[in-house]
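Colleague: I would like to learn how to read a helix, some aromatic rings and a cavity in a model. Could you take me through them one at a time?

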Amino acid sequence: MNHIHIEKKGLRGLVIAESFKQGDKKSKLAGVVMRRDFVIDGFVFGNCTIGGDDATRSILKMYSKLGRDDISFILISGLIIAMYNIIDIAMIRKETGLPVIGVTYDKSTGIESAIKHHFPDSYEQKIEKYCKLSNRSKIKLHTGYDLYLRTEGCTTKEAQKLLDHFTLQGAIPEPLRVAQLLAKSI
């Protein structure tokens, strides 16, 4: 297990968010490399298919495109994006060797029935991918807001410490906020 060393002055993370509009066939992915001191140190873009199964590969391509060895973690806004395109963070962890954190903001009881509704002829594979995701852990940020995390390669406590550092106000850590704004703008 890699550990996230929040005390490292040069700590950098690749932070990814997505955006799409009704009727789009592809969702736009925006990646921001942000340093521990909030300096933006790079951008990368990708896309994935609405309702598809290519989000994990797209994120791995984005990471590879950067060609950097100074990234210490990957932070993703949501692991079920683009209308049930499920991200396999265990695979991302295995391929990159980096700790991976998936962040969501709302409590959820599961999405199996929604997957069956939207994919009546092929829901088994998506439900299998969904069930392979680790359980979410609820954390409370220093700002008082709750987040729900799935982690690979680091502990929930390490992830919470990292997100506390990167959260200036409210419920959205700053690098996620920037990545979300960027994704919406492209």
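Modeller: Happy to! Bear in mind that this is a predicted model. Let us begin with helix 4, where Gln125, Glu128, Cys131 and Lys132 are exposed on one side.

Colleague: Which residues of helix 4 are buried, then?

Modeller: The general idea comes first. An α-helix makes a turn every 3.6 residues, so positions three or four apart point the same way. In this structure, helix 4 spans residues 123-132, and its buried residues are Lys126, Ile127 and Tyr130. Viewed down the axis of helix 4, these buried residues fall within an arc of 100°, so they line one face of the helix.

Colleague: What do the buried residues of helix 4 pack against?

Modeller: They pack against strand 5 (80-81), strand 6 (85-86), helix 3 (112-118) and strand 9.

Colleague: Now the rings. How many aromatic pairs does a search of the whole structure find?

Modeller: The general idea is that a pair of aromatic rings is described by the distance of the centres and the angle of the planes. The search of the whole structure finds three aromatic pairs. One of them joins Phe38 and Phe166, with 5.7 Å centre to centre and 85° between the planes, an edge-to-face pair. Phe38 sits in the loop between strand 2 (26-35) and strand 3 (40-49), while Phe166 belongs to helix 5 (residues 156-166), so this pair links distant parts of the chain, 128 residues apart.

Colleague: Last topic: what is the volume of the largest cavity, and which residues line it?

Modeller: Its volume is about 30 Å³, and the count comes to one cavity of 30 Å³ or more. The lining consists of Gly78, Leu79, Gly102, Val103, Thr104, Arg136, Tyr148 and Arg150. By class, that makes three nonpolar, three polar and two charged residues.

Colleague: Which strand gives the most to this lining?

Modeller: Strand 7 does, with three residues. Strand 7 (100-104) and strand 9 (146-152) each supply at least two residues of the lining.

Conventions: Residues are numbered from 1 along each chain as its sequence is written. This is a predicted model: local features need pLDDT of at least 70, side-chain atom pairs count only at pLDDT 80 or more; totals for chains, interfaces and linings use all residues. Side-chain values use heavy atoms; hydrogens and water are left out. On a 1 Å grid over the protein atoms alone, a cavity is a set of points where a 1.4 Å probe fits but cannot get out, and a pocket is an open set with protein on both sides within 12 Å along at least five of seven lines; lining residues have an atom within 4 Å of a point. Grid points are joined across faces, edges and corners, and a volume is the space filled by probe spheres set on the points. Helices (H or I, at least four residues) and strands (E, at least two) are DSSP runs, numbered from the N terminus. Ala, Val, Leu, Ile, Met, Phe, Trp, Tyr, Cys and Pro count as nonpolar, Asp, Glu, Lys and Arg as charged, and the others, Gly among them, as polar. Buried means under 20% relative accessible area, exposed over 50%, partly exposed in between (1.4 Å probe, protein chains only). The arc is that of the directions from the helix axis to the C-beta atoms. Contact means heavy atoms within 4.5 Å. Rings of Phe, Tyr and Trp (its six-membered ring) pair if their centres lie within 6.5 Å; planes under 30 degrees apart count as stacked, over 60 as edge-to-face and the rest as tilted.
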